[in-house]
Amino acid sequence: MRVSLCDAPGASIIPRMITGKRTTRSWISNLAAVLIVLSAACLTAQAKWPPAPPLERPSQRDVGLLPPSIGAEAGGDGLWHVTFRYTPADRVESVSLAGSFNGWNPHAEPMSVSQAGSAWSYTTLLGPGKYMYKFVLNGNRWVHDPLNSEKVDDNHNGFNSVLVLGRLAAMNTSNGKLGDEKINAVGLLHNPKLPLYFQPLWADRMLLRYRALAHDAAHVWVAIKGAGLTEMHLATEDPLFATWEALVRLPENLSARNGPRQITYTFVLADRNKRVGDPHTYNVQIDASHVFQTPNWAKNAIWYQIMPERFRNGTVDNDPDPVRPWTSEWFTPSPWEERDGQTFYKWFVFFRHYGGDFQGIEEKLAYLKELGVNAIYFNPIFQAPTHHKYDADSYMHVDEHFGIVGDYDEIVAREDLNDPATWQWTMSDQVFLHFLKKAHALGFHVIIDGVFNHVGRNHPAFQDVKKNGPASKYADWFDIISWKPFKYRGWAGHDSLPVFKKSNDGLASDAVKQHIFNVTRRWMDPDGDGDPRDGIDGWRLDVPNEIPAPFWVEWRELVKSINPDAYITGEIWDRADTWLDGKHFDAVMNYAFARAAVAWICHRDKKIKPSEIDRRLAKLRLAYPTAATYVLQNLIDSHDTDRLVSMVLNTDRAYDKLNRVQDSNPNYNNAKPGPEEYRRARLVVLLQMTYVGAPMVYYGDEVGMWGADDPTCRKPMLWEDLQPYEKPEDNFVMKDHLDFYRRAIALRNAHSALRTGEFQTLLTDDEQDMWVFARTNDSEFLVVVLNASDRSREVVVPKPDNAAGSWKVVFGGADALQGVDGELKVRVPPIAGVVLYSAREP
């Protein structure tokens with residue numbers, strides 16, 4: 001709704017429910033708001049611009065405390081010229097600067113070396129804010145700033161250095177005070193380049209957010225030139241900042257229905273009789289063709305991750321040699337594994353094969369259907385020597401041990417990597433395509449791992465480079481350090497994974513780019529008829545942040561041109577704002593959700609409070625576009641972490657830390673967890689199935705599988721029809737655990753509000769360790785009550801508005817609902833959850 005200050009509705013001063021607590025402005029502020037409405041002239045954007053006197057911009061002089069490695073000079077318009085300096089301990093060939101300000105692109109900002117040849121520097125333009133950064137040595141060694149004591153965990157056994165620019169660096173709490181008629185410009189922020197602050201939703205609708213200091217302004221409006229003012233509501237508030245939000249509908253004269261339109265806007269703030277404007281005026285272009293949309297099916301997805309080699313052996317005819325018995329005890333070596341002096345962790349466990357294949361996966365599609373999942377993510381499926389297949393010999397062919405052995409070498413010998421007209425289909429490729437057809441017929445969507453940053457040493461292009469050196473037609477594909485002696489860069493320093501050479505715009509070789517584009521077309525539309533229904537439904541991208549972002553912009557355009565309904569998700573471990581802008585990915589693997597869930601439910605001495613998980617996830621919901629939020633892959637564990645129930649057993653560790661027995665933590669407890677650990681794991685799963693975003697189950701979690709990070713998180717799947725396994729007292733399908741997964745997944749499938757509905761926090765009770773939230777849509781209202789304490793709890797929840805009088809328990813026991821009398825009184829067992837349902841009144 002658009003209003004001018006003269007006709008703002010009186011309802012705007014009514015306190016609204018914010019994160020479960022009634023937030024009431026003082027009566028002075030409410031009265032002042034009424035006075036503003038009554039006394040202000042009938043001000044519209046057309047009559048006067050700007051609509052209120054702009055505040056002065058904050059001083060640029062106070063940049064805050066900087067580490068000795070960083071200098072800053074005022075650059076105008078509230079920005080600073082920031083110079084980063086680094087002196088390596090040893091001689092290096094190159095140093096570049098990568099950070100949150102450039103999408104962690106290790107090639108975007110190369111540093112210059114001093115004449116003395118030791119100190120490197122780079123100057124960039126930055127505004128006020130908090131940034132993370134690293135120095136990249138020789139293109140592949142990432143190090144934090146040794147002269148900056150401010151650092152945070154990088155989730156990869158290292159640290160990101162932290163730089164905070166501006167006066168806000170010294171502030172932990174707001175000094176704002178309602179009713180003092182003062183608005184502090186230092187806290188004001190709006191950046192239309194970030195989805196946190198600006199999201200075009202349609203040709204005539206956009207979501208705007210604005211940041212101010214907490215309890216500094218009583219009211220905020222967005223003023224659009226030519227369209228009047230829209231009042232914003234308080235979305236979140238913490239000790240330092242308040243975030244205001246408004247859904248703006250543009251009038252017909254500003255709508256982009258008939259083509260792109262330029263929109264000019266600013267913000268107006270009020271406190272008692274004080275009314276001021278933002279120091280800045282903003283200009284954006286609305287283009288209906290560029291509105292970020294994600295596939296509807298992905299909003300309803302319940303993902304299941306499969307490592308094909310470890311899921312099910314459907315035929316022994318394609319087994320590698322040697323192959324381990326599927327039911328063998330994990331830590332007991334096979335006769336051939338110790339003959340050359342190797343030990344379990346050095347290195348025979350990493351070279352094991354168990355014979356999993358697509359025949360086995362197809363055989364178990366009925367099991368997945370009964371479990372309730374409807375989308376499958378496969379770890380790499382292409383030809384490669386290892387069990388994990390991240391060291392591809394080819395992107396063009398499915399691994400022959402996943403299909404039918406016999407024709408791979410013959411077909412590859414006739415193919416030209418640069419000419420897709422020469423590419424053929426192997427028998428194993430046909431097995432996968434047959435699987436796809438059957439999976440699609442059963443209602444599954446299927447995505448595969450795209451590992452486009454590196455290949456394996458056996459890849460024919462790399463073999464040609466090794467053989468022919470600079471004369472190879474693939475010489476520009478790889479990041480060669482020297483030809484004599486032959487040295488090259490491998491992913492994370494691994495010689496077995498040679499990386500493609502990069503440029504500022506993506507991949508340095510156009511031939512590599514075209515090869516990947518042709519591979520993309522091949523698997524998305526196998527018969528090339530323009531109908532993608534015979535192909536995969538999307539991609540999960542491995543380490544995509546290691547390829548400069550412009551490549552992914554072009555690649556996304558290709559993917560969406562083949563299949564507009566295709567899904568793209570990236571392996572991004574940190575905040576992914578820059579990747580979820582409608583130009584790169586649809587989603588990411590939501591490790592931020594996993595960290596928060598584990599920290600609340602799984603930890604003991606270091607557990608966070610319900611109010612903290614609520615705050616963290618609310619911040620994440622604000623940061624990402626709504627279109628992305630509903631399709632995020634809400635995983636808890638994966639092939640790159642310890643398993644969920646083992647996280648609970650090895651409690652109070654940072655997520656994905658100290659979980660590798662062979663190096664980071666020899667004392668990690670790899671034993672099978674006990675009943676309490678499984679109860680806590682189930683509560684995590686209930687949160688997964690009721691929260692915003694698409695939950696993802698890692699194969700075997702549902703039957704009780706456990707273990708440390710790689711390699712033990714990659715055991716072969718437990719199947720009831722293969723029992724007894726060796727060490728049967730531990731290795732068996734836990735039917736009660738599997739039943740819980742089935743019921744929790746069925747709950748999500750039965751209620752559309754849990755998949756695509758709105759989210760509202762109703763209560764965070766830190767003393768009782770309880771979190772209560774609602775999921776709603778036009779037809780139903782669900783209340784989720786989670787108890788992470790080890791005691792039975794009772795909680796009283798105000799009855800949500802617009803819900804019908806009839807409430808029932810749909811998960812957690814029929815006697816959980818104790819009373820409905822304007823309030824919901826709920827009893828929840830320890831380490832458990834209850835879900836209530838009511839039809840929504842029209």
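This is a predicted model: local features need pLDDT of at least 70, side-chain atom pairs count only at pLDDT 80 or more; totals for chains, interfaces and linings use all residues.
**Entry 1**

I looked up how E6 and strand E7, which covers residues 120–126, are joined, and they pair in the antiparallel sense over 2 bridges.

**Entry 1: the whole chain**

I stepped back to look at the protein chain, whose secondary structure comes to 16 helices and 40 strands. Its radius of gyration is 28 Å, close to the 28 Å that the globule rule gives for 842 residues, so the chain is as compact as a globular protein of that length. Along the principal axes, I noted that the C-alpha atoms fill a box of roughly 90 × 75 × 55 Å.

**Entry 2: a second open sheet**

What is the order of the strands in the open sheet of 3 strands? I read the order as E36-E39-E38, and the pairing is antiparallel. Strand E36 (793–798) and strand E38 (817–820) stand at the edges with a single partner strand each, and therefore one side of each has no neighbour in the sheet. Direction ignored, neighbouring strands of this sheet are turned by 15° against each other on average. I also looked at one pair in detail: E36 and strand E39 (residues 823–828) pair in the antiparallel sense over 6 bridges, and the bridge partner of Val795 in E39 is Val826.

**Entry 3: a hairpin**

I turned to strand E14 (residues 219–224) and strand E15 (residues 228–231), which pair in the antiparallel sense over 4 bridges. Ile224 has Gly228 in E15 as its bridge partner. The hairpin of E14 and E15 has 3 residues between the strands, and in this hairpin Gly226 takes a positive phi near 90°.

**Entry 4: backbone details in loops**

The peptide bond from Trp49 to Pro50 is cis, with omega near 0°, and Pro50 lies in the loop between helix H1 (27–39) and E3. Lys484 and Pro485 are also joined by a cis peptide bond, with omega about -5°, and I found Pro485 in the loop between strand E24 (480–482) and strand E25 (487–488). Arg272 is not a glycine, yet it has a positive phi of about 50°; its place is in the loop between strand E18 (261–271) and strand E19 (274–277).

**Entry 5: H10 and its partners**

Two packed helices are described by the angle between their axes and the distance between the axes. With that in mind, I looked at H10 and helix H11 (residues 610–623), which pack at an angle of about 175° with their axes 9 Å apart. Because the angle is over 145 degrees, H10 counts as roughly antiparallel to H11. On the H10 side, Ala592, Phe593, Ala596, Ala597, Ala599 and Trp600 meet Pro610, Ile613, Arg616, Leu617 and Leu620 in H11. By class, this contact of H10 with H11 has 10 nonpolar, no polar and 1 charged residues.

I then checked H10 (residues 591–602) against helix H14 (residues 675–690): their axes come within 10 Å and cross at roughly 140°, which means that H10 is oblique to H14. The crossing in which H10 passes H14 is right-handed. Here Phe593, Ala597, Ile601 and Cys602 in H10 meet Arg680, Leu683, Val684, Leu687 and Gln688 in H14, and by class the contact has 7 nonpolar, 1 polar and 1 charged residues.

**Entry 6: from H14 to H15**

Are H14 and H15 roughly parallel or roughly antiparallel? The axes of H14 and helix H15 (residues 735–750) come within 9 Å and cross at roughly 15°, which makes H14 roughly parallel to H15. H14 passes H15 in a right-handed crossing. Among the residues in contact I noted Tyr678, Ala681 and Arg682 of H14, and Asp736, His737 and Phe740 of H15. The residues of this contact divide into 10 nonpolar, 3 polar and 3 charged.

Conventions. Residues are numbered from 1 along each chain as its sequence is written. Side-chain values use heavy atoms; hydrogens and water are left out. Axes are lines fitted to C-alpha atoms, for helices over the stretch in contact, and angles run from 0 to 180 degrees between N-to-C directions. Angles under 35 degrees count as roughly parallel, over 145 as roughly antiparallel, 65 to 115 as roughly perpendicular and the rest as oblique. A crossing is left-handed if the near helix is turned anticlockwise from the far one by less than a right angle, and right-handed if clockwise. Contact means heavy atoms within 4.5 Å. Ala, Val, Leu, Ile, Met, Phe, Trp, Tyr, Cys and Pro count as nonpolar, Asp, Glu, Lys and Arg as charged, and the others, Gly among them, as polar. Two strands pair if DSSP finds at least two bridges between them. The radius of gyration is taken over C-alpha atoms; the globule rule is 2.2 Å times the number of residues to the power 0.38.
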